[in-house]
Amino acid sequence: MAKVNVYLTFDGNCEEAFNFYKSVFGGDFDLRRFSEMPPQEGSPPMSEEMGRKIMHVSYPISEETILMASDRGGWGPDLVVGNNFSISVNPDSEEEALRVFKGLSDGGNIITPMEKTFWNALFGMCTDRFGINWMVNYLLPSA
């Protein structure tokens, strides 16, 4: 059965927001900055400012719930406060990931097609026909 969590998008203040959430909920979070991404072939060099922004943060709130987020990276829908979230689905198998992504994107808009990523996952983003943003992320088995 897939796990479903909320994924928030910020306009440069993700780290500040998560430090605030940490002051409320306690615990710790794991974050990665855009500067940790491998260079994208054919893309211009990343600015220092962009490199300092948060590429991904994962914050376990409970055993069942993980709050995830990033700063806007220049892809995906335009950030509008109030719709700056996605629902993140983490399926248990590659087959389930492909089925869920195909179903959610049917009649909607594929933002990032399902493809293997540098974090060893099969990942895709779409907006469904009702305007809801989805992320499907299946962690591939280690080789």
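I take helices (H or I, at least four residues) and strands (E, at least two) as DSSP runs, numbered from the N terminus. With that settled, I went to Asp128, which sits in the loop between strand E7 (121-127) and strand E8 (133-139).

**Ground rules.** This is a predicted model, so I note that local features need pLDDT of at least 70, side-chain atom pairs count only at pLDDT 80 or more, and totals for chains, interfaces and linings use all residues. Residues are numbered from 1 along each chain as its sequence is written, and side-chain values use heavy atoms, with hydrogens and water left out.

**Asp128.** I asked myself: is Asp128 buried or exposed? Asp128 is buried, where buried means under 20% relative accessible area, exposed over 50%, and partly exposed in between (1.4 Å probe, protein chains only). I found no salt bridge for Asp128, a salt bridge being a side-chain nitrogen of Lys or Arg within 4 Å of a carboxyl oxygen of Asp or Glu. Its nearest side chain of opposite charge, Arg129, is 6.9 Å away; for charge, Lys and Arg count as positive and Asp and Glu as negative, while His and the chain ends are not counted. Leaving aside residues up to four places away in sequence, I see Asp128 touching Leu104, Gly108 and Trp134, with contact meaning heavy atoms within 4.5 Å.

**Salt bridges.** Next I searched the whole structure and got 4 salt bridges. One of them joins the side chains of Arg33 and Glu15 at 3.0 Å, N to O. Arg33 belongs to strand E2 (residues 30-33) and Glu15 to helix H1 (residues 14-25), so this pair ties together parts that are 18 residues apart in sequence. Both ends are partly exposed: Arg33 has a relative accessible area of 24%, and Glu15 comes out at 31%.

I then followed Arg32. Its side chain meets Asp30 in a salt bridge at 3.3 Å and Glu36 in another at 3.8 Å. Through these shared partners, Asp30, Arg32 and Glu36 form one network. I looked up accessibility here too: Asp30 is partly exposed at 40%, Arg32 at 38% and Glu36 at 44%.

**Whole chain.** Finally, I stepped back and counted 3 helices and 8 strands. Along the sequence they follow the pattern β-α-β-α-β-β-β-α-β-β-β. Of the 143 residues, 38% count as buried. Among contacts with a separation of 6 or more, 53% come from residues 24 or more positions apart. The C-alpha trace spans about 40 × 40 × 35 Å along its principal axes.
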